[in-house]
Amino acid sequence: NDLDGQIPESIGNLTHLEIFDVGYNALRGPIPESIGNLTHLERFDVSGNTLSGQIPESVGNLTHLEYFNVYRNA
């Protein structure tokens, strides 16, 4: 892929999303707080981008999360 830009806050509206894998693209900026709304999420991979900032506390809401990868970001 060649995705560019920020992960939009509206990602939190995809409440039944199970896999979010956008590794090795050109995403930048923070991981939005709304990520905590993805209560069915099992896999989250944003490795190899230029994301910055803290991991949102709302990640604690992701009770089905089995894989979380933020390797190689800013």
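Guide: Happy to! Let's begin with a pair of strands: E3 and strand E5 (residues 50–51) pair in the parallel sense over 2 bridges. Keep in mind that this is a predicted model.

Visitor: Which residue in E5 does Arg-28 stand opposite?

Guide: Arg-28 faces Thr-50 in E5. Gly-29, in turn, stands opposite Leu-51 in E5.

Visitor: And what does strand E1 pair with?

Guide: Strand E1 (residues 4–5) pairs with strand E3 (residues 26–29), in the parallel sense and over 2 bridges. Gly-5 has Leu-27 in E3 as its bridge partner.

Visitor: How do those strands line up in the sheet, and in what order?

Guide: The order is E1-E3-E5, an open sheet of 3 strands with parallel pairing. E1 and E5 are the edge strands, each pairing on one side only.

Visitor: What holds paired strands to each other, in general?

Guide: Strands of a sheet pair through backbone hydrogen bonds, and they can be parallel or antiparallel.

Visitor: Let's zoom out. How many helices and strands does the protein chain have?

Guide: The protein chain has 0 helices and 6 strands. Along the sequence, that reads as β-β-β-β-β-β. The radius of gyration of the protein chain is 11 Å, close to the 11 Å that the globule rule gives for 74 residues, so the chain is as compact as a globular protein of that length.

Visitor: What box do the C-alpha atoms fill?

Guide: Taken along the principal axes, the box is roughly 25 × 20 × 20 Å.

Visitor: And what share of the residues is buried?

Guide: Of the 74 residues in the protein chain, 38% count as buried. As for contacts between residues at least 6 apart in sequence, 46% of them join residues at least 24 apart.

Visitor: Which residues have the most contacts inside the largest nonpolar core?

Guide: They are Ile-7, Phe-20, Ile-35, Phe-44 and Val-46, in a core of 14 residues.

Visitor: Tell me about the rings. How many aromatic pairs are there?

Guide: The count comes to 2 aromatic pairs. One of them is Phe-20 with Phe-44, a stacked pair at 5.6 Å centre to centre with 20° between the planes. Phe-20 lies in strand E2 (residues 19–21) and Phe-44 in strand E4 (residues 43–45), so this pair ties together parts that are 24 residues apart in sequence.

Visitor: Are those two buried or exposed?

Guide: Phe-20 is buried, with a relative accessible area of 11%. Phe-44 also counts as buried, at 0% relative accessibility. Phe-44 forms another stacked pair with Phe-68, at 5.2 Å centre to centre and 15° between the planes. Phe-68 belongs to strand E6 (residues 67–69) and Phe-44 to strand E4, so here too the pair ties together parts that are 24 residues apart in sequence.

Visitor: Is Phe-68 buried, exposed or partly exposed?

Guide: Phe-68 is partly exposed, with a relative accessible area of 30%. Ring pairs link Phe-20, Phe-44 and Phe-68 into a cluster.

Visitor: What else does Phe-44 touch?

Guide: Leaving out residues up to four places away in sequence, Phe-44 touches Phe-20, Ile-31, Ile-35, Leu-65, Tyr-67, Phe-68, Asn-69 and Val-70.

Visitor: I see Tyr-67 on that list. Which residue lies over the face of Tyr-67?

Guide: That is Arg-43, at 4.2 Å from the ring centre of Tyr-67.

Visitor: On to the loops. Where is Ser-34 found?

Guide: Ser-34 sits in the loop between E3 and E4. Ser-34 is buried, with a relative accessible area of 7%.

Visitor: What does Ser-34 touch?

Guide: Glu-9, Ile-11 and Gly-12, not counting residues up to four places away in sequence.

Visitor: Last stop: where is the place of Gly-60?

Guide: Look in the loop between E5 and E6 for Gly-60.

Note on methods:
Residues are numbered from 1 along each chain as its sequence is written. This is a predicted model: local features need pLDDT of at least 70, side-chain atom pairs count only at pLDDT 80 or more; totals for chains, interfaces and linings use all residues. Side-chain values use heavy atoms; hydrogens and water are left out. Rings of Phe, Tyr and Trp (its six-membered ring) pair if their centres lie within 6.5 Å; planes under 30 degrees apart count as stacked, over 60 as edge-to-face and the rest as tilted. Helices (H or I, at least four residues) and strands (E, at least two) are DSSP runs, numbered from the N terminus. Buried means under 20% relative accessible area, exposed over 50%, partly exposed in between (1.4 Å probe, protein chains only). A charge sits over a ring if NZ of Lys or CZ of Arg is within 6 Å of the ring centre and within 35 degrees of the ring normal. Two strands pair if DSSP finds at least two bridges between them. A nonpolar core is a set of buried Ala, Val, Leu, Ile, Met, Phe, Trp, Tyr and Cys residues joined through side-chain atoms within 4.5 Å. Contact means heavy atoms within 4.5 Å. The radius of gyration is taken over C-alpha atoms; the globule rule is 2.2 Å times the number of residues to the power 0.38.
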